[in-house]
Amino acid sequence: MEFHEINFEVPQLELNAFESVAILDDSEFMDVTRIDITDVFTASDMHDVTITDPKLFTWDNELLIDLTRVREDAYAFPLSGAKLISDYKGSRKNHTGVDLKTFAKDTVVSAFDGIVRMSKPYAAYGNVIVVRHYNGLETLYSHNSKNLVKPGDRVTAGQPIALVGRTGRATTDHLHFEVRINGQHFDPKLLFNMENHTLQDKSLLCVKSGNNIRVNLVDLFPYQASYLNQQEPSQNL
């Protein structure tokens, strides 16, 4: 068998990758803090403040939320221009959030994108809203004069959800704001700087041990287990 050599010309294409391809940072189109959460709620889920999410801590007892990678347009302080009038004191002293004050019927907004899990009058909270966020956290907004959203509504960061009021057990018009992970509250100051109203420039490390969850504010990823023993601001729940 004879083989014949065949020569042919291959067309040369001049490509300039920088002119033809736009290179994007994944943070421009991805929510890097998004995890798998339960976003369909039962009647019980919509009735009670303290509800766990069965999808959290399923495979690991740790959850790291890197606040440094949250875009500026992906979060909002819940009450713009507010003054902190009462700190978080925990369950023992019966104050499970912070109190923020501006004026009656001012606009309360959602801290992050999420889904409204609860919106109703609820005991001493008065008119309360709980939003489940795609980063695994839940935020609570209470004493509202009026709730503007209902369970199942999808909300975005900065979207109006309520008006400031004094419903429930309240002596003045203000917003009672809580942050929770899997039903357990922790100090909102681990999430927000209450003076400049920005996110903390660190990461939230949530560690589940039995029925308790410990939340620490730790330095930027990657973190080490030794952070758990450091004297960083933290909250044992």
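**Cavity lining, a sheet and ring pairs**

User: Which residues line the second largest cavity?
Analyst: The model is predicted. Its second largest cavity is lined by Asp53, Leu56, Arg132, Gly136, Glu138 and Asn182.

User: How many residues of that lining of the second largest cavity are charged?
Analyst: The lining has one nonpolar and two polar residues. Asp, Glu, Lys and Arg count as charged. The charged residues number three.

User: What is the bridge partner of valine 108 in S10?
Analyst: S4, S10 and S8 form an open antiparallel sheet in the order S4-S10-S8. The edge strands are S4 (107–109) and S8 (146–147). S4 pairs with S10 (residues 160–163) over three bridges. The partner of valine 108 is alanine 162.

User: Is the pair of phenylalanine 77 and phenylalanine 192 stacked or edge-to-face?
Analyst: The ring centres lie 5.3 Å apart, with the planes at 85 degrees. Planes over 60 degrees apart count as edge-to-face. The pair is therefore edge-to-face.

User: Is phenylalanine 192 buried or exposed?
Analyst: Buried means under 20% relative accessible area. Phenylalanine 192 has 0%, so the residue is buried.

User: What does tyrosine 122 count as by relative accessibility?
Analyst: Tyrosine 122 forms a tilted aromatic pair with tyrosine 125, 6.0 Å centre to centre. Tyrosine 125, at 16%, counts as buried. Tyrosine 122 has 21% relative accessibility, so this residue counts as partly exposed.

User: Which ring does the charged end of arginine 34 sit over?
Analyst: The charged end lies 4.0 Å from the ring centre. The cut-off is within 6 Å. The ring belongs to tyrosine 134.

Terms used:
Residues numbered from 1 in each chain as written. Predicted model: local features only at pLDDT ≥ 70, side-chain atom pairs only at ≥ 80, totals over all residues. Heavy atoms only, no water. 1 Å grid on protein atoms, 1.4 Å probe; cavity = no way out; pocket = protein on both sides within 12 Å on 5 of 7 lines; lining within 4 Å. Pairing = 2+ DSSP bridges. Helix = DSSP H or I, 4+ residues; strand = E, 2+ residues; numbered from the N terminus. Phe/Tyr/Trp six-rings, centres within 6.5 Å; stacked < 30°, edge-to-face > 60°. Buried < 20%, exposed > 50% of the residue type's maximum accessible area, 1.4 Å probe, protein only. Lys NZ or Arg CZ within 6 Å of the ring centre and 35° of its normal.
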